[in-house]
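Biologist: I would like to learn how to read helices and strands in a model. Please take one feature at a time.

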Amino acid sequence: MTEPLLSVRGLRIAFPTPAGGQAPVVDGVSFDVLPGEIVGIVGESGSGKSLTARAALQLLPPRAAVSGEIGFEGRDVLALSPRDIRALRGTGIAMVFQDPMTSFNPVLRVGEQIGEALDIHRAPPKQAREARVRELLSLVGIPEPERRARAYPHEYSGGMRQRALTAMAMANAPRLLIADEPTTALDVTVQDQILRLMRGLNEASGTAILLITHNIAVVASLCRRVIVMYAGRVVEDGPVEQVLTAPSHPYTQALLQSVPRIDQPAGRLTAIAGQPPDPASPPPGCRFQPRCTQAMGRCTAEEPPLDAVAPGHRARCWLALGQAA
Amino acid sequence: MLKLLLRRLAMSLPLVFAVVTLTFFLVRLAPGDPAAILAGEAPSPEFLAEIRAEYGLDQPQWRQFLAYLTKAATGDFGTSIYLGRPVFSVIWERFPATVVLTIASMVLASILGTALGVLAARHAGNRLDTVISAGSLLGYSIPGFWIGQLLVILFAVELDWLPASGMTTARVTYTGFAHVLDVGRHLILPAVTLAIFLLTMIARFTRTAMIEALNQDFILVATAKGVSPRRLLWHHAFRNAVVTTVTVIGLEFGAVLSGTVVVEIVFGWPGLGRVFYDAINRRDFPLLTGAFIFSSVVVIAANTVSDLVCAALDPRIRR
Amino acid sequence: MSLTLPRPALWRLPSLPASTVIGIALVAFVVLGTLLAPLIAPANPLALSTDILAPPDAAHPLGTDDLGRDLFSRVLYGGRVSLGIGLFSALIGVTVGVGIGLAAGFFGGAIDEALMRMTEVFQVLPKLLVAVVVVSLLGSSLLNEILVIGLLSWTATARIIRTRVMVLREEEFIAAAAMSGASRTRILLRHILPNVAPYLMASTTLQIAGAIMSESFLSFLGLGDPTYPSWGFLLQQGQLYIDSAWWLTTFPGLALAMTIVGFNLMGDGLGQSRAIGGARR
Amino acid sequence: MVANTVSRRGAFGLGAGLAAASGARAADPKRIIGVIEEDPPFMNLAISSGISSSVASAPVYSALTRMDAKGDITGDLAERWDISPDGKTYTFHLREGVTWHDGRPFTSADAQFSLGELNSKLNPYRGALKSIDSIDAPDPRTVVLKLKNPQASLMVSLGNFCGAILPKHLWEGTDPARNPHNKNPIGTGPFKFVSFSPGDRITYAKNENYFIPGKPAFDELIFRIIPDPAARMAAFTRGEIDMVYSSALPATEIPRVRRMRGVDLRFSAVQASSYQAYINIRNAPFDDVRVRRALFHAIDRKFVRDSVFPGLAQEMVGPVPPNSPLYNRALTDYALDPARANALLDEAGKPRGAGGVRFDLRYLFGAADLSARKIGEVMAQNLAAVGIRVVLTPLDRGTLIQRAYVAREFDMVITSFALGPDPDVGVERFYNSNNIFPVQAVNCSPYVNPEVDRLFDEQRVQTDPARRKAIYDRIQEIVWRDVPTFPFCCYSLPGAVRTSFATGVFDTVDAPSREDFAFAAPAGR
């Protein structure tokens, strides 16, 4: 078996509460991403998926208490010095964020911002840098890259901005690209283009992709493996075909039932009744049980472990594990 | 950019028009005969008649207004009653001293205010932030003339480090670089006094703008790219916040120019601000209104410049 | 994307930050002092005595001035003038500002455009110089000072209110009210005005501070009303004694600064935004 | 505290320190630095009376005579003079070889022109020259004045403020108000005008050809222009300024200046000024002399003296200042007696109305006049006790003149007046009914008393000092009985000079005068 590129072990992220306590918003999360692999993390907003991704680049605000281990190419990312983590950012792991409208600095030219990514790590001569910026822009399918490089972000359309953002993330040929809801802010046809772009990049350069999304349809079209998170915990993970065709966790099942139809604009998942729990005071037992249609006695008493339901497929549910009684 | 400049200029003209109109009606709102107001102390009937004719006060109001506009447009603000000279030449010869003072204090305020604002934003919520915020609050809560007088007492009279008043030493005449140094020494206290208000405003607004900028997504994106904290602060966050800073400077320029009145009095600085004081004390209304219109035009011009600088700094404003 | 925790609601007294509490305390202290002046003041602020330029002592806690008048009493009564000018001109400013802001924000379109151009004109004017010219020409009376300061200080309020109204206009309950057939005036007065009230509190407070400061500027130039000596007036009167009878400037100056600090802290806290009256765009 | 600072330093040390610090040239000219309060609109002693104008032009001009330190008249441009026994012909013999600053020779024609065409026609004090009948210049070194009647005060006026001599070749045939030399004065005085930078300073250079050999001792004279009194005094305290005229030295600062080391206060030997209010005696209720006298019983003039001019002022009893040889010592003062004032007011039929107020008194004063304001505040308190409500009305100069002197809309209007070295110049103007005009500084109450008019005329031609005094005594008695004016106090405000730097300044009179500069010398030589 290949060494994992990214290996998250027992990750816990907690924020201080106004009352003075600590609220864990990510609790005991573990998963791997193999080199060249495309892995999706799905979950409602607040499930902790974005925070998990950010922890991989030490991008959490200082008041967040982070514990556990995030290994990248054998090094513990959480233990890296500021200088080392800066060196890792963009080259080892790069990130694409949700909102292309706000992800670019509005007062700097797009080409300048992509060039900056190159400058930080390699400081190429001006001409080489400009050539590489043009190359990156055409790579992500932006026409007239020379003119576009001199434009400002507000002169780009949303989809173009997301492409440019992806180009910026790819500037230093990272081994892992974390894409945090890269398509949420875009309309459906553009979404599709971006997803195809990502797959193309993955195939062309072998960059592994960790795709964070609430949209299980996106996962279906792109990922090989999927991790389902709920209320700070991984509730199910496994190969996409298995998880999507035979979901083990009631939450995953609910997610699948609420998949928006392709001919309708994407929207937040609202089909599941009830609200996710307050991380400061999680419910007893399984965290999903208050909203679970199949909840039973043991679910409220004891939290199920994340255990194999099939080879390479795990779920955190007494029912799925056959231990409901 | 040229288009923007033209548009800004086109917007400034109504402003100037508004100022002149305001002045025109103020003089007529004032109790008493405008001719008597314009003629000053115990005028002879002939002089009154002369004034009436000169300002067209025997004409219908709208004609008077037109005449006033025409005069103002050509820089003719009448004749100073007390000094017996054209108002514009009185203003013009005093203007350079005020320019020196204003620019010195604006440079000082911009540099220090920005630095303090950025520092406070970087340490938002910490003790340093509290100290800076409290200091800037005090800075604009104390009347400038009182600060100025205290500075004179402390640094000129008691400690004897700096001159108490004037723009150059009267005792000896310096030339060349020594002259520049001499003006510099005289400039320190008034420039600092004048800078305090603007400095605190800049610090406050820069702090707010920096905190806002630092919370923007693009900062996170840039961090994820591997950008260093220093570069994040200055190249990314500050490049955005500086627009606010420049806007504040533009908006507060009027307050700074008003502040020169006080500072020039307290420090005996021979500038335009003191023309106001002299004109008030002597009720030299042509001089007062002329200085007011002139200052307003300078303020409007400064605002236009500040807008243009903002546009240069922020591509989103160019349009 | 953003990680910020929800902000506390605007108008929740117990959760006010310490600085706001300090501000309110300062203001309360000053207001109480001036209101109770007849009870606290050791002397009639106009009463002459042969005790000329006496430094602070038991009989005159803040000393006496050049006509032997008790400075403590004068500062107390001067506060009434300064606060009065502050309050009334702020009320004028806020009223005009609210009117213009509401109209611009609610009606939008050409009205908004016209009102905002006018606001820009006023914003750019060197306000203190306008005040100087007006008071010089029309005479230095309390009323003139209040009017001119008030009529020059509405731009910030107008902008804030306009922005708030524009946001509110889009909100559901307004739409609901409109749909249920409520008149525009009713929507303005019953639905929008109460919702901008917290901003009004903040604007008024900040403007009181500004107005007191503006008055001291006028006083310094000898344009204060001598019949009603304000703190600025006392400060100006004391300047000749600044290093021979320090108390004459120090105490009115401190009272002035303390009050302005108080109102500013209070306004910042109430507005929850230090950028009130801030940048144009 | 301040005194210590000053002694630590000394003006010379300061200058040397500066020079060392900033690399000044070695042979810097010896400068004396004064201060004035505002930009002078004119520098022409003959046609302008403004204080700043007088101070700024004093170093440039000369007159026929001048007043020395003791108040005696000595020669200036005139070497000597003869007065005919009937007191109606004055013959002045002028100095030889005097030149104007532009190099042209000075002759008697200049004096004739200046006195006849400028001073007699345009000088604000021209009233003092009105007895002159003719002015002749029989030869270049002689000027002859013929009077209509003898005038005891003529020499004082000629030497002091009515006699500046200007160059005929630059003024003849010009409009005096628009002559460019109003701003670029040419005279025969100790200093030549060099430059005027508005709001900052006026610079003068030594007149190398000054007619008194070896004078002036300073190479340059500078007047700095500092309107704010606090700023002015800070500059003086710090040694940036060597001399401050009384007009520029705030009364409130005098106790502090007195304590400074190396600084002397110089009081005028011969001049006094008064703060004096006109009472509008044509207006009810002040047309009633009982009401006017009630004011005298109600207002605490001692308090005014001690608070507004601490240690500097004397009470005035009667219209003539007590330091004048013509002062009537027999007059009795109105005692401070509010009960008596109340009684007088009741008697005059002015009962208290609502709130205990009998009537309002509109007190007009110049907005910039701090002393007048303080006097008003004292008065308001004093008169409130007898049921008169004082309406403090600060006005700018233009409006003040319009309201008080043209429209006569006032009850009391206060100004400070120079009472002059002789009451003919400084006092008569307020009471003689031939001096009623709608301008300031004349008989503005206006007071009409034929007996007083007659007495003034009688004394003017009286050459016997004792008899003149007797007539003046009588005038004072009558005026003090009728009280058309309210003299609060008279005072002599000093100028201040840094004696550690310069000597000889203000050794004569404190009014701006050329001899201050002519005879000023650096200290220690």
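Modeller: Two residues are in contact if their C-beta atoms, placed from the backbone, lie within 7 Å. Helices (H or I, at least four residues) and strands (E, at least two) are DSSP runs, numbered from the N terminus. This is a predicted model: local features need pLDDT of at least 70, side-chain atom pairs count only at pLDDT 80 or more, and totals for chains, interfaces and linings use all residues. Residues are numbered from 1 along each chain as its sequence is written, with chains lettered from A and ligands numbered from 1 in the order in which they are written.

Biologist: What covers the buried residues of α6(C)?

Modeller: The cover includes α3 (71-107), α4 (109-124), α5 (127-138) and α9 (184-220) of chain C.

Biologist: Which residues of helix α6 of chain C are buried?

Modeller: Buried means that 20 or more other C-beta atoms, placed from the backbone, lie within 10 Å of a residue's own. In α6 (residues 142-152) of chain C these are C:E145, C:I146, C:V148, C:I149, C:G150 and C:L152.

Biologist: How do strands pair in a sheet?

Modeller: They pair through backbone hydrogen bonds, either parallel or antiparallel. Pairing here requires at least two DSSP bridges between two strands. Chain A has an open sheet of four strands in the order β2-β1-β4-β5, with antiparallel pairing. Its edge strands, β2 (22-33) and β5 (75-76), each pair on one side only.

Biologist: How many bridges join β1 to β4 in chain A?

Modeller: Seven bridges connect β1 (residues 6-16) with the antiparallel β4 (residues 65-72). A:G71 in β4(A) is opposite A:S7.

Terms used
A residue is buried if 20 or more other C-beta atoms lie within 10 Å of its own, exposed if 12 or fewer, and partly exposed in between; C-beta atoms are placed from the backbone.
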